[in-house]
Amino acid sequence: MRGLHRRPQAVVIYIGRYTIPLLFVSVLMGFLLIYKASAVLMAVRSLDLSQKSVVIDPGHGGIDGGTHDGEGLLEKDLNLEVALLLKAYLESKSMRVAMTREKDMSLEEYSDLGGSRYRRDLAARRKLINQSGADVLVSIHVNSRPNRPDSRGVEVFYHPKAEEGMKLAASLSQAIDRIVFRSFLEADRLRVRILPGNFFVLREAAMPGSLVEMGFITNPEDKKLLQDPDYQKAMAFAIGVGIIDYLRKSAIAGQTMGPLRRPFGKLLRNR
Ligand SMILES: [Zn+2]
């Protein structure tokens with residue numbers, strides 16, 4: 001019968017000097033985490049593509065054919081075909097799209113600078129790109145390596161000093177790997193090469209930009225693909241998906257850093 005006489009056990013909570021502050025801090029951290037997580041979710045859900053714009057630069061044009069296969073196939077035409085498909089895709093997602101050219105033309109007459117025809121064409125491209133006020137620039141080109149016809153594949157360039165350009169290049173590469181190489185070509189061993197490149201349009205653009213070399217005109221397999229409307233469609237779709245993916249990621253990064261950066265940024269500016 002000893003149990004009957006047992007005294008009820010008291011529940012002892014040890015409240016030390018740090019218990020209350022620790023409890024307070026962990027509850028606060030919990031709220032902050034929930035706040036941040038919901039802000040990120042909101043950013044992903046509410047990324048309003050109709051408020052985003054892209055400037056597409058189909059390389060070369062008009063008198064400037066770009067690279068060629070020596071049999072009449074010109075880079076400028078392939079660039080424009082994919083650029084127009086990309087424009088249509090982005091517009092189907094309600095995005096605003098600007099183009100440095102929409103037909104087979106060079107741009108030197110739009111330049112307000114002097115110099116050679118080539119320099120004036122580039123100056124006009126810079127003007128059109130920066131006047132567009134777009135969020136992102138993508139320049140579209142075709143590669144060539146006449147002395148190495150075995151060179152093939154896609155290369156995506158960013159300006160070596162551009163952190164955002166590098167992130168954009170990474171998003172584009174992942175989308176091209178997935179959509180063009182794995183899904184369309186079922187070529188698991190092909191991978192996009194991401195490379196730094198000091199290209200004029202990347203250096204001069206006011207917004208994050210990447211330059212996509214869609215394949216080698218000097219490689220027989222790539223040359224066939226570059227002219228294949230289905231490859232062109234897959235490439236345009238992949239570039240579009242990569243652009244949207246980049247914009248989503250940067251919206252999330254803005255939200256994650258925002259609550260901290262904003263008040264401190266204001267403090268620093270007001271000093
Ligand atoms: Zn080119």
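**Strands and crossovers in a predicted model**

Colleague: How do β1 and β2 pair, and over how many bridges?
Modeller: Strand β1 (residues 53–58) and strand β2 (residues 96–99) pair in the parallel sense over four bridges. Strands are DSSP runs of E, at least two residues, and helices are runs of H or I, at least four, numbered from the N terminus. Pairing takes at least two DSSP bridges. Residues are numbered from 1 along each chain as its sequence is written. The model is predicted, so local features need pLDDT of at least 70 and side-chain atom pairs 80 or more, while totals for chains, interfaces and linings use all residues.

Colleague: Which residue of β2 does I56 stand opposite?
Modeller: That's M99. The chain gets from β1 to β2 through helix α2 (residues 75–92), in a right-handed β-α-β crossover. Right-handed means clockwise from first strand over helix to second, strands pointing away from the viewer.

Colleague: What's the strand order in the sheet?
Modeller: β2-β1-β3-β6-β4-β5, an open sheet of six strands with mixed pairing. At the edges sit β2 and β5, each pairing on one side only.

Colleague: And β3 with β6, how many bridges there?
Modeller: Six, joining β3 (residues 136–143) to β6 (residues 209–216) in parallel. N143 stands opposite F216 there.

Colleague: Which helix goes with β4 and β5 in a β-α-β unit?
Modeller: Helix α4 (residues 163–184), and the unit is right-handed. β4 (residues 155–158) and β5 (residues 193–196) pair parallel over four bridges, with F157 opposite L195.

Colleague: Changing topic, what's the average pLDDT?
Modeller: The protein chain averages 89, and 88% of the residues score at least 70. pLDDT is the predictor's confidence in each residue, from 0 to 100.
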